[in-house]
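These are my notebook entries on a single chain. I set down what I looked up, in the order in which I looked.

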Amino acid sequence: MKKSEIVEGGIYSNKRGWQRVVLGISEAGEYRLYFGQDEKHTLQYKQLSGKEAGRTANSTVASFASWAKKREN
């Protein structure tokens with residue numbers, strides 16, 4: 001999936017039964033994975049299904065786009 005297709009509020013799946021909803025997107029690195037991370041285009045998501053359902057985590061938009069195979073909403 002392209003980075004430009006990832007939007008706040010979007011629900012995405014990897015076609016293996018896992019779903020995630022994007023809670024927020026930042027181009028200023030607001031949702032960094034670690035201090036000193038160079039990539040500034042980041043997001044925060046919530047896991048909706050699977051063994052980690054309910055968990056909130058951060059990711060780069062590029063990494064999330066690579067994981068996401070389909071938009072569900």
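Entry 1. I began with Thr60, whose place is in strand E4; helices (H or I, at least four residues) and strands (E, at least two) are DSSP runs, numbered from the N terminus. I noted that Thr60 counts as buried at 14% relative accessibility. For these classes, buried means under 20% relative accessible area, exposed over 50%, and partly exposed in between, with a 1.4 Å probe and protein chains only. I then listed the contacts of Thr60, leaving aside neighbours within four places in sequence, and found Gln37, Glu39, His41 and Thr42. Contact here means heavy atoms within 4.5 Å.

Entry 2. I recorded the basis of the values. This is a predicted model, in which local features need pLDDT of at least 70 and side-chain atom pairs count only at pLDDT 80 or more, while totals for chains, interfaces and linings use all residues. Residues are numbered from 1 along each chain as its sequence is written, and side-chain values use heavy atoms, with hydrogens and water left out.

Entry 3. I turned to the overall architecture. The protein chain has 1 helix and 5 strands, and along the sequence they follow the pattern β-β-β-β-α-β. I found an open sheet of 5 strands in the order E4-E3-E2-E1-E5, with antiparallel pairing. Strands E4 (56-60) and E5 (70-71) stand at the edges with a single partner strand each, so one side of each has no neighbour in the sheet. Two strands pair if DSSP finds at least two bridges between them.

Entry 4. I went through the pairings. Strand E1 (residues 11-13) pairs with E5 in the antiparallel sense over 2 bridges, and Tyr12 stands opposite Arg71 in E5. Strand E2 (residues 19-26) is joined to strand E3 (residues 42-47) by 6 bridges, and the two run antiparallel. Ile25 has Leu43 in E3 as its bridge partner. On the E4 side, Leu43 stands opposite Ser59; E3 and E4 run antiparallel and are joined by 5 bridges.

Entry 5. I next examined Gln44, which lies in strand E3. Gln44 is partly exposed, with a relative accessible area of 24%. Residues up to four places away in sequence not counted, Gln44 touches Val21, Val22, Leu23, Gly24, Tyr31, Thr56, Ala57 and Asn58. I also checked Gln44 against Gly9: they are 35 residues apart in sequence and 11 Å apart in space, C-alpha to C-alpha.

Entry 6. I looked up Lys15, in the loop between E1 and E2. Lys15 is not a glycine, yet has a positive phi of about 65°. Lys15 is exposed, at a relative accessible area of 63%.

Entry 7. What radius of gyration does the protein chain have? It has 11 Å, which agrees with the value near 11 Å for a compact globule of 73 residues; the radius is taken over C-alpha atoms, and the globule rule is 2.2 Å times the number of residues to the power 0.38. The C-alpha atoms fill a box of roughly 35 × 25 × 15 Å along the principal axes. I noted that 36% of the 73 residues count as buried. Of the contacts with a separation of 6 or more, 46% come from residues 24 or more positions apart.
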